[in-house]
Amino acid sequence: MKSSTEQRRFLQKFVSGERLLMGYLLSATGDFHEAEDLLQEVSVALWESFDRYDESKAFHAWALGIARHKVLDWREKQGRRGATLSPEILDLVGQAQLETADRLSDRRPLLQTCIEALPDHLRKIVQLRYREQLTLEALSERLDRSAGAVQVALVRIRRTLRDCVDQKLGPLAEAGR
Amino acid sequence: MSEDRDLLIERYLAGAASPEETKRLEALLRSDPRLVRDFVLALDEDVCLRALSSVEEERIERRSPLRRLAWRRSGASSDSAGAPWIAAAALVLTALLWTIFFASSPSRRPADKSAAPHAGPVELARPDTTPVPAPEQPGRQHPSLPRGERSIRPSEDAGRPVDPRPDTARRDPEPVMPNAPPPAKPRDEATGAPPVARPLDVVRPLSIDEIQGGVFVLDAGAKTPARVGQEILPSHGLLLSEAESRLTMTFPDGTKVTILGLSEIRDMADSERPGKGARGKRVDLVRGTLAAEVRKQPADQPMVIVTPQAQVQVVGTSFQLVVDGGEKGQTRLSVREGRVRLLRPGGKSADVAAGQEAAVAAGVDPIARPQDGSSVVLRPDLSLWLRADQGVMVNGTTVSQWSDRSGNGRHAVQAASARQPLYLRAAQAGRPALRFDGMDDFLSFPCPVTGLSGMTIFLVSSTLEERSGGVNGSGNAAVFWHEAENFGTVLVAPTPTKVRYFFGTGQNQAVFLYPRPASIDRAYSLTTVQKSGADAVLYIGGEEVFRQGGQKGDIASCEKVGQLGRGEGDKATSRQFQGQYEGWTYFAGEIAEVIVYSRALPITERVPVEQYLLSKYFAK
């Protein structure tokens with residue numbers, strides 16, 4: 001049985017790394033729902049093996065290690081290897097995440113402000129894509145635009161948001177990349 | 001970054017990349033460390049954008065093939081269960097909100113809402129700001145009107161306190177919505193001329209047909225008991241003061257309106273402005289329940305029902321409107337026939353088709369989804385919602401994951417296939433459930449409850465055999481959080497003859513035990529347990545049956561991960577409980593739905609959830 005202190009400690013660490021884990025799982029699955037489900041499994045696995053976590057090591061790295069195993073299991077079950085990135089590339093991604101974790105966390109609070117600054121029509125696309133989680137195909141239908149145009153719009157939205165965050169970060173922006 | 005690379009990333013993160021595109025992306029990532037960083041940045045942006053968006057969503061259709069299968073299965077059963085609704089060929093609209101309006105003084109009463117052009121049989125649209133017509137004094141009849149109809153002048157308001165301000169200044173501010181025409185300027189204001197009387201409104205009298213329980217007419221601050229046959233004028237409000245109160249009225253065209261308990265109507269009128277047209281039946285429903293069968297209305301005079309959150313326009317159908325007050329209230333729309341637009345002022349709208357429902361709350365736009373009455377569950381502080389008719393990931397015949405529908409992602413999982421519960425397609429009322437074998441089946445879900453001062457758990461389940469719960473009574477639980485410190489356990493354990501439950505506050509006390517008056521054998525039941533301040537209350541089938549007082553304020557210390565199908569054992573001694581070893585005891589039974597809130601729901605919120613579950617699983 002874990003003590004309440006241990007629970008609090010776990011929760012604190014898990015929350016601090018949750019988005020990073022989610023990003024890793026998203027890179028592994030290319031599907032937000034699959035990533036959410038996997039995150040659930042990873043969180044349970046982390047909790048169950050928290051007794052074995054060595055405090056002297058970085059929690060994020062330990063958590064990504066467990067997530068990596070879960071991803072490998074998931075790949076076995078899903079048989080979707082062709083449409084997802086290989087474990088080798090995922091390792092590169094995980095490594096880059098660990099290296100940039102602090103800088104990424106600087107960007108997150110600014111994103112909300114930048115979304116609000118988007119023109120209405122672009123904000124609508126953001127809502128459809130991320131809140132309603134429409135596929136590109138469905139988004140294309142909803143907006144009555146070609147799939148290509150929708151993808152280009154999404155790319156431009158991402159650039160706009162990224163530029164906006166960079167601008168707010170100032171000199172720190174480049175370091176965050 | 002080149003656009004081509006960006007597009008590749010975009011397509012991959014949208015799940016739209018082909019194997020070839022994924023290979024290309026992989027090759028690029030392998031060769032360009034800067035692209036890896038851009039990719040990581042895009043991942044983080046997507047996670048943030050998703051997190052910043054609403055959690056209310058429909059997820060299941062875009063999930064894995066197994067889950068889609070489960071969805072199709074559940075959809076089939078839902079359809080069959082919902083058939084009577086569809087056969088009724090009616091529309092149900094539910095609105096829930098709270099009583100800031102209820103507490104309003106008469107001078108704060110908003111103006112009447114005139115009808116706007118409508119696009120379909122029933123539509124929710126923005127409230128209008130047309131000034132309210134006042135009733136004429138009793139007995140005053142316009143000479144040109146047919147018998148039984150009355151004319152009224154705004155200046156002849158005998159029923160309200162006189163407000164010395166100009167008419168336009170008396171109007172309360174209304175929420176501004178897009179797409180709505182600006183309110184017409186009063187003629188006198190436009191011309192600068194002295195005010196002149198507006199055209200006479202024709203008011204078709206409304207009379208009370210039937211009364212049950214406490215029903216009052218509100219008139220100029222006075223509250224008098226309503227009488228059968230009494231005429232209701234536009235200045236009259238109605239108050240149904242008891243849960244069992246009921247009032248039925250019929251409009252001259254045969255449209256029938258029934259108002260049910262604990263409701264308040266601010267204004268109610270059936271009028272026409274000669275030469276202007278755009279009036280008709282109007283009801284300003286502050287809270288409560290209104291059911292109506294609406295005859296076909298003139299196209300330019302739809303029946304309009306106004307709630308503080310929306311406006312409903314009805315041309316001809318039958319529907320039910322429930323308004324439950326509260327700052328965190330919501331408007332819910334369920335459509336039985338046709339298509340209805342639900343609009344949130346300042347937000348988005350949703351076209352809700354027959355068999356679908358949608359909800360609107362402050363800051364929450366409507367999303368149409370299959371109708372089963374479950375939108376009452378979408379409330380603040382919903383911690384966990386597991387329903388066997390949605391989100392079940394089947395591994396052959398067993399369940400590896402039961403997806404949380406609360407939006408918190410707290411899925412109940414079991415990786416070991418031998419310990420996964422069995423999926424039953426039609427367990428209760430034709431609806432699915434999960435069967436736990438009582439030997440080793442269980443699911444675990446992360447859902448912290450430590451420190452909560454209130455908590456509500458709804459459980460629809462059946463128990464296949466009587467089990468004692470071991471020496472301390474906390475074994476064999478259907479829903480269970482293990483204690484992290486002594487007397488910290490939280491559990492619900494219905495059996496055929498008893499219900500055991502506990503909200504551990506650290507107090508040294510026995511598990512609460514309610515002996516049923518008679519065994520329910522293997523029958524399904526709805527069990528609700530609630531920690532509310534010093535009380536731990538048990539409801540069965542929506543009725544309170546047991547209350548344990550004297551409880552400390554907060555739940556003391558539970559493990560963060562809860563369990564379904566497994567209760568406490570004695571891990572230290574491996575004591576035997578009902579033939580089980582290994583330190584746990586199991587629940588032999590079936591679970592169809594579990595809903596957990598991180599607060600004690602007041603009766604106005606608890607009862608709708610129970611009604612949803614009762615109608616879903618126990619409808620006669």
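## Exercises: a strand and an interface

In chain B of this predicted model, β30(B) pairs with strand β31 (residues 498–503) in the antiparallel sense, over five bridges. The exercises start from this pair.

**Exercise 1.** Describe how β30(B) is linked to β31(B), and find the residue opposite A493(B).

*Solution.* 
- Step 1. Follow the chain from β30(B) to β31(B). A hairpin of three residues joins the strands.
- Step 2. Look across from A493(B). R500(B) in β31(B) stands opposite.

**Exercise 2.** Work out how strand β29 of chain B is arranged with β30(B).

*Solution.* 
- Step 1. Locate β29(B). This strand covers residues 479–483.
- Step 2. Find the sense of the pairing. β29(B) and β30(B) run antiparallel, with three bridges between them.
- Step 3. Pick out a bridge. F480(B) has L491(B) of β30(B) as its partner.
- Step 4. The hairpin of β29(B) and β30(B) has six residues between the strands. Within this hairpin, F487(B) takes a positive phi near 55°.

**Exercise 3.** Characterise the interface of chain B and chain A by its contacts, buried area and salt bridges.

*Solution.* 
- Step 1. Count residues in contact. Chain B has 63, and they touch 65 of chain A.
- Step 2. Take the buried area. The two chains bury about 6,100 Å² between them. Carbon and sulfur atoms account for 56% of that area.
- Step 3. Count salt bridges. The rule finds 11 across the interface. One of them joins D38(B) to R162(A), with the closest N and O atoms 3.8 Å apart.
- Step 4. Count polar contacts. There are 18 residue pairs in polar contact between the chains, both residues being at pLDDT 80 or more.

**Exercise 4.** Find which elements of chain B face chain A, and sort the residues by class.

*Solution.* 
- Step 1. List elements giving two or more residues to the side that touches chain A. Among them are α1(B), α2(B), α3(B) and β29(B).
- Step 2. Name the top contributor. α3(B) gives the most, with 18 residues.
- Step 3. Sort by class. This side of chain B has 25 nonpolar, 13 polar and 25 charged residues.

Terms used. Residues are numbered from 1 along each chain as its sequence is written. Chains are lettered from A and ligands numbered from 1 in the order in which they are written. This is a predicted model: local features need pLDDT of at least 70, side-chain atom pairs count only at pLDDT 80 or more; totals for chains, interfaces and linings use all residues. Side-chain values use heavy atoms; hydrogens and water are left out. Two strands pair if DSSP finds at least two bridges between them. Helices (H or I, at least four residues) and strands (E, at least two) are DSSP runs, numbered from the N terminus. Contact means heavy atoms within 4.5 Å. Buried area is the accessible area (1.4 Å probe) that two parts lose on being put together, summed over both. A salt bridge is a side-chain nitrogen of Lys or Arg within 4 Å of a carboxyl oxygen of Asp or Glu. A polar contact is a pair of N or O atoms within 3.5 Å; within protein, one must be able to donate a hydrogen and the other to accept it, and residues adjacent in sequence count only if both atoms are side-chain atoms. Ala, Val, Leu, Ile, Met, Phe, Trp, Tyr, Cys and Pro count as nonpolar, Asp, Glu, Lys and Arg as charged, and the others, Gly among them, as polar.
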